[in-house]
Amino acid sequence: MTASTVAQYLAALPPDRRAALSAVRKVINENLPGGYEEGMQFGMIGWYVPLSLYPAGYGENPKVPLSFVALASQKSGMVLHFLCFYGHPTLSTWFTSEYKKSGKKLDMGKGCVRFKSLEDLALDVVGRTVARVSVQEHMGNYRAARALMGKGKSRAKKGVKKSAVKKAKPRKSAK
């Protein structure tokens, strides 16, 4: 799908999918802490930290805002991507526990929740999960996760020094 706006994305969906994604979107927007923005990102409906607040961007690409949550319709069903779970294992564990309490069956990958219909999704848990992570906390968790993976600006600086050392050839001593 090549929609450039959320409205275009939703309009292109079959009625049942449009209704389901619209309901999930409404819950997210009602519970979203201040500072996040909604729009299209990676071909999905996304909520993200705007570049004005996090200019380094996602993957340190200053053209791509830092993703928080994404929602999409796929061939096999619908999916809710909790990008906020990466680097925040306690949130992921809390989510899994709360989802089990809802009585709904959880079909989850590392950070994505797959569902076939709206009835399969624990919407109240989705709303409470989104509400738990402020923009500041999400940015901090993201920076910490990248640092643990050895990515980011500090890694780039070390890489430059290391490669410069590797390229230097030892001088032959004059005897």
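Predicted model: local features only at pLDDT ≥ 70, side-chain atom pairs only at ≥ 80, totals over all residues.

Biologist: How many helices and strands does the protein have?

Modeller: Six helices and five strands.

Biologist: What share of the residues is buried?

Modeller: First the cut-offs: buried means under 20% relative accessible area, exposed means over 50%, and partly exposed is in between, with a 1.4 Å probe and protein chains only. By that rule, 39% of the 175 residues are buried. As for the surface, the protein exposes about 10500 Å², and 56% of that comes from carbon and sulfur atoms. Those areas come from the Shrake-Rupley method with a 1.4 Å probe; for residues, only the protein chains shown count as cover.

Biologist: And what do contacts say about the fold?

Modeller: A contact means heavy atoms within 4.5 Å. Take the contacts in the protein with a separation of 6 or more: 56% of them join residues 24 or more positions apart.

Biologist: Can we look at one helix in detail? How far does α5 reach?

Modeller: Helix α5 covers residues 135-148, which is 14 residues, and spans 20 Å from its first C-alpha to its last. That is close to the 20 Å expected at 1.5 Å a residue, where the expected span is 1.5 Å times one less than the number of residues. Its buried residues are Val-135, His-138, Met-139, Asn-141, Tyr-142, Ala-145 and Arg-146. They cover an arc of only 165 degrees around the axis, so they sit on the same side of α5. The arc is that of the directions from the helix axis to the C-beta atoms.

Biologist: What does that buried side pack against, and which exposed residues are on the face turned away?

Modeller: The buried residues of α5 pack against β2 (44-49) and β3 (66-74). On the face turned away you find the exposed residues Gln-136 and Leu-148. Ala-144 is also in α5, and it is partly exposed at 41% relative accessible area. After the helix comes Gly-150, with a positive phi near 75 degrees.

Biologist: How do I read aromatic pairs?

Modeller: A pair of aromatic rings is described by the distance of the centres and the angle of the planes. Rings of Phe, Tyr and Trp (its six-membered ring) pair if their centres lie within 6.5 Å; planes under 30 degrees apart are stacked, over 60 edge-to-face, and the rest tilted. The whole structure has eight such pairs. One of them is Phe-85 with Phe-95, a tilted pair at 5.3 Å centre to centre and 55 degrees between the planes. Phe-85 lies in the loop between β4 (77-82) and α3 (89-102) and Phe-95 in helix α3, so the pair ties together parts ten residues apart in sequence. Both residues are buried.

Biologist: What else touches those rings?

Modeller: Look at Thr-129 in helix α4 (residues 123-131). Thr-129 is buried, with a relative accessible area of 0%. Leaving aside neighbours within four places in sequence, Thr-129 is in contact with Phe-82, Phe-85, Leu-91, Trp-94 and Phe-95.

Biologist: Which residues form an aromatic cluster?

Modeller: Phe-42, Tyr-54, Tyr-58 and Tyr-142 form one. Phe-42 is in the loop between β1 (37-41) and β2, and it counts as exposed, at 52% relative accessibility. Phe-42 also has a positive phi of about 55 degrees although it is not a glycine.

Terms used:
Residues numbered from 1 in each chain as written. Heavy atoms only, no water. Helix = DSSP H or I, 4+ residues; strand = E, 2+ residues; numbered from the N terminus.
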